[in-house]
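The following paragraphs guide a new reader through one protein model. Please keep the sequence and the structure in view while reading.

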Amino acid sequence: MTVVRLQRHAPEAYNATKCAVCGTTDAKQVTDHIQVGQPGTPIHDEGVCEKCGAVIDHVVDKYGRDLTMMVEDAQHEASEKEITIPGAQPHKAARDLNTVSVATLSM
Ligand SMILES: [Zn+2]
């Protein structure tokens with residue numbers, strides 16, 4: 001399981017110069033600290049800007065602290081392949097499926 005831990009307005013984020021989520025390089029905006037992976041041995045240990053931190057904060061606040069998130073793009077049109085070939089490969093949206101679990105977010 002992937003755990004996303006976000007610490008808002010973290011002192012250690014002052015050294016970060018880039019937001020890991022949106023990529024802004026405005027160091028003044030990078031106020032939060034994100035760690036992704038197993039607690040204690042994160043795979044990602046990065047800075048996050050105030051705006052992206054607020055979004056993550058709001059999502060967890062609204063939907064709960066123990067989340068499994070699946071992000072996918074909606075498929076708006078069927079491709080010709082899917083219409084005409086029986087047993088075609090799974091469509092693109094399924095391949096792009098990203099799974100992120102948010103289990104422990106501390107403020
Ligand atoms: Zn950002």
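Which residues form the largest nonpolar core? The model to be examined here is a predicted one. Its largest nonpolar core consists of 10 residues, namely Val-4, Leu-6, Ala-13, Ala-16, Cys-19, Val-30, Ile-34, Val-48, Cys-49 and Cys-52. Three strands each contribute at least two residues to this core: E1, covering 3-7, E2, covering 30-38, and E3, covering 41-49.

To place these strands, consider the protein as a whole. Its elements comprise three helices and five strands. Read from the N terminus, they follow the order β-β-β-α-β-α-α-β.

One of the residues involved is Asp-32, whose bridge partner in E3 is Val-48; Val-48 is itself listed in the largest nonpolar core. E2 and E3 form a hairpin with two residues between the strands, and in this hairpin Gly-40 adopts a positive phi near 95 degrees.

Leaving aside residues up to four places away in sequence, Cys-52 touches Cys-19, Val-21 and Cys-22.

Two totals complete the description. Of the 107 residues in the protein, 16% are buried. Where contacts join residues at least 6 apart in sequence, 57% of them link residues at least 24 apart.

How values were computed:
Residues numbered from 1 in each chain as written. Predicted model: local features only at pLDDT ≥ 70, side-chain atom pairs only at ≥ 80, totals over all residues. Core = buried A, V, L, I, M, F, W, Y, C linked by C-beta atoms within 7 Å. Buried ≥ 20, exposed ≤ 12 C-beta atoms within 10 Å, placed from the backbone. Helix = DSSP H or I, 4+ residues; strand = E, 2+ residues; numbered from the N terminus. Contact = placed C-beta atoms within 7 Å. Pairing = 2+ DSSP bridges.
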